[in-house]
Amino acid sequence: MGMTYVQKLLAKACGRPQVAVGDVLEPAVSLAMSHENGALVINQFNEIYQGTGREAKVWDPDRIAFILDHRVPAETAKTATNQKKIREFVAKQGIRKFHDIRGDVGGICHQILAENGYVRPGFVVVGTDSHTTTHGAMGAFAFGIGATEMASVWTLGKILNVEVPGTIKVVVKGEFPENVYPKDFILHLIGKVTAEGANYKVFEFHGEAIRSMSTSGRLVLSNMSVEAGATAGMVPPDAETQRYLREEAGVQSALDMFGPDPDAVYDRVIEIDVSQLEPQIACPHTVDNVKPIGAVAGIKLQQIVIGSCTNGRLDDIETAARILKGQRVADGTRLLIFPASWRIYREAMKRGAILDLATAGAVICNPGCGPCLGIHQGALGDKEVALATTNRNFKGRMGNPNAEVYLCSAAVAAASAITGAITDPRTAAVASKGAR
Amino acid sequence: MANIKVVFKVGDDVSTDIIYPGRFMATVLPTETPAFAFADSAEFNRRLKSKEIPAGSAIVAGKNFGCGSSREQAVSCLKGHDLVIVARNIARIFLQSAINLGLNIIICPAIQAEEGDELEIAGGQVRNLTSGQSYAIEPLPKARQAIIDAGGLVAYTRRLLLAAKP
């Protein structure tokens, strides 16, 4: 019987000719990623070795990545002490894929893994972060795990108890209209499927709109697949995957290019034509509360955030800069820009986008996760309303349970910054500048 | 198992941001996380911290409990209060971490219960003693039993480590 992409990947990873949905496997891990919550992983890892008489050494330091991104630079002594503990651990264990708080190699973990070529098609990637799904965009089976699970991976080099998931095939047809982006599509899909509709399953993305989509856009789809409950969101690798990995991520080694069998069996097939899609907004307080922009246009905003592992890449920042160049952020509205990595930040500087945004009134912040989950800069006041290109709008998400967060694309965020209210980028004032 | 009292009822899609708000994530020790369990649900958090709630009490939840972030603090903070989670279903990462840490979770797809109700868990069913209704329990994935029997993933991994050649 034909296998889906994730079935083929897991069969290869486990050296088996065939795997079926529900089979319980223990695949070897290609890459294991942690950020500041690695401080807890280190505790649990040491706990595993407690009393064994063996030296606590990770199974393979070259398959572990550590990125400091959640609270950078540290905002409290407690965070700084956690970060210091991680530095000491990576030095002791010989972990070289370590990205400290630096303007050359630093950034948000998921962007760092992608742009450094740490992930390739066929990889099994685990991370102590739910948005580890991001790496499905490069054809990996990538998913989030808890800290204790990661301590077990560091010890054994494999991930226990992986049930082969069923697959939802998502076929994306048509061509995106101007001012409509992959973010609008994934919000639309999550609204359709619901926050739990893909629980314990994976999305497999196909169709002409995916084939013509850049890896930057695919990263958005995979990143947010978890918001429908999906274990992973995967794009079978193609010419664009190869181009990205070779030209942008510097990968030189051979790539294992494969796809699903033509007679693969899917749990469900969803077909969506994006040629009529409008900008979409996820409304408080769940990511599946999605409406076309017309339903919420005009809602006043006190804060707008452009950035994060979801939409903080160069194309997002350039889109925002094109819309905001020569314009002014509305009084009473704060616009915060958090690039996804310092590489992106520096490139956006070179191209003038950062200057255009700051001139318009935006505040340019450090690459990092901070405001997305309300832990480092950009907290909201009571009863304030925010619009963000980030991935979650749960109650309390941006640091205040008495505030509201709406989610959108970078184009909607930038157009809304000019007016101080949720604004359709297709409106006359901004349409000519926002067009791709 | 003794009767368990429902001390808190929540709806569908309760995220880890509700269970353990992100701003407390720099706190990682299982001995310290219980203080921030449901920190933004002020009255329940107060009752937990003041020890008004006996060990073994239940939170009854709707669908997709524990969705969102992978933060394990959302599990350890509930484990620290020795709570039982009875939910219609549970999000993947939370479910696995609950098994790994030994948090008592019961998946009961049709559960109906209110705060103050008494539940009895026996014979693969949750019996609501207050309403007189019974609801089937969906067993945890079989492959996880070895971790539960070992007393959690730390002990289970240690056993695998010792079984392997040094």
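Predicted model: local features only at pLDDT ≥ 70, side-chain atom pairs only at ≥ 80, totals over all residues.
Which residues of α8(A) are buried? They are A:Thr215, A:Ser216, A:Gly217, A:Arg218, A:Leu219, A:Val220, A:Leu221, A:Ser222, A:Asn223, A:Met224 and A:Ser225. A residue is called buried if 20 or more other C-beta atoms lie within 10 Å of its own, exposed if 12 or fewer do, and partly exposed in between, with C-beta atoms placed from the backbone.

Residues are numbered from 1 along each chain as its sequence is written, and chains are lettered from A and ligands numbered from 1 in the order in which they are written.

**The two chains**

Helices (H or I, at least four residues) and strands (E, at least two) are DSSP runs, numbered from the N terminus. Chain A has 15 helices and 18 strands. Its radius of gyration is 21 Å, close to the 22 Å that the globule rule gives for 436 residues, so chain A is as compact as a globular protein of that length. The radius of gyration is taken over C-alpha atoms, and the globule rule is 2.2 Å times the number of residues to the power 0.38.

Chain B has 6 helices and 7 strands. From the N terminus on, its elements follow the order β-α-α-β-α-β-α-β-β-β-β-α-α. For its 166 residues a compact globule would have a radius of gyration near 15 Å, and the 16 Å of chain B agrees with this.

| Chain | Residues | Buried |
|---|---|---|
| Chain A | 436 residues | 59% |
| Chain B | 166 residues | 49% |

Along the principal axes, the C-alpha atoms of chain A fill a box of roughly 65 × 55 × 40 Å, and the C-alpha trace of chain B spans about 55 × 40 × 25 Å. Two residues are in contact if their C-beta atoms, placed from the backbone, lie within 7 Å. Among contacts between residues at least 6 apart in sequence, 77% in chain A join residues at least 24 apart; for chain B the value is 62%.

**Strands in chain A**

Two strands pair if DSSP finds at least two bridges between them. Strand β2 (residues 31-34) of chain A pairs with β3(A) in the parallel sense over 3 bridges, and A:Ser34 stands opposite A:Phe66 in β3(A). Together, β2(A), α2(A) and β3(A) make a right-handed β-α-β unit. Right-handed here means that, with the strands pointing away from the viewer, the path from the first strand over the helix to the second runs clockwise.

Strand β3(A) is also paired in the parallel sense with strand β4 (residues 97-99) of chain A, over 3 bridges. A:Ile67 stands opposite A:His99 in β4(A). The chain crosses from β3(A) through α3(A) to β4(A), and this β-α-β crossover is right-handed.

In a regular strand the side chains alternate between the two faces of the sheet. In strand β3 (residues 64-67) of chain A, A:Ile64 and A:Phe66 point one way and A:Ala65 and A:Ile67 the other way, and all are buried.

Another open sheet in chain A has 4 strands in the order β10-β9-β8-β11, with parallel pairing. At its edges stand β10 (232-234) and β11 (268-273) of chain A, each with a single partner strand, so one side of each is left without a neighbour in the sheet. Strand β9 (residues 201-206) of chain A is joined to β10(A) by 3 bridges, and the two run parallel. The bridge partner of A:Glu204 in β10(A) is A:Met234.

**The sheet of chain B**

In chain B, 7 strands form an open sheet in the order β4-β3-β2-β1-β5-β6-β7, with mixed pairing. The edge strands, β4 (104-107) and β7 (134-136) of chain B, each pair on one side only. Strands β5 (residues 118-122) and β6 (residues 125-128) of chain B run antiparallel and are joined by 4 bridges. B:Ala122 stands opposite B:Gln125 in β6(B).

**Where the chains meet**

In the model, 45 residues of chain A are in contact with 37 residues of chain B. On the side of chain A that touches chain B, α2 (38-49), α3 (77-93) and α5 (147-156) of chain A each supply at least two residues. The most comes from α5(A), with 6 residues.
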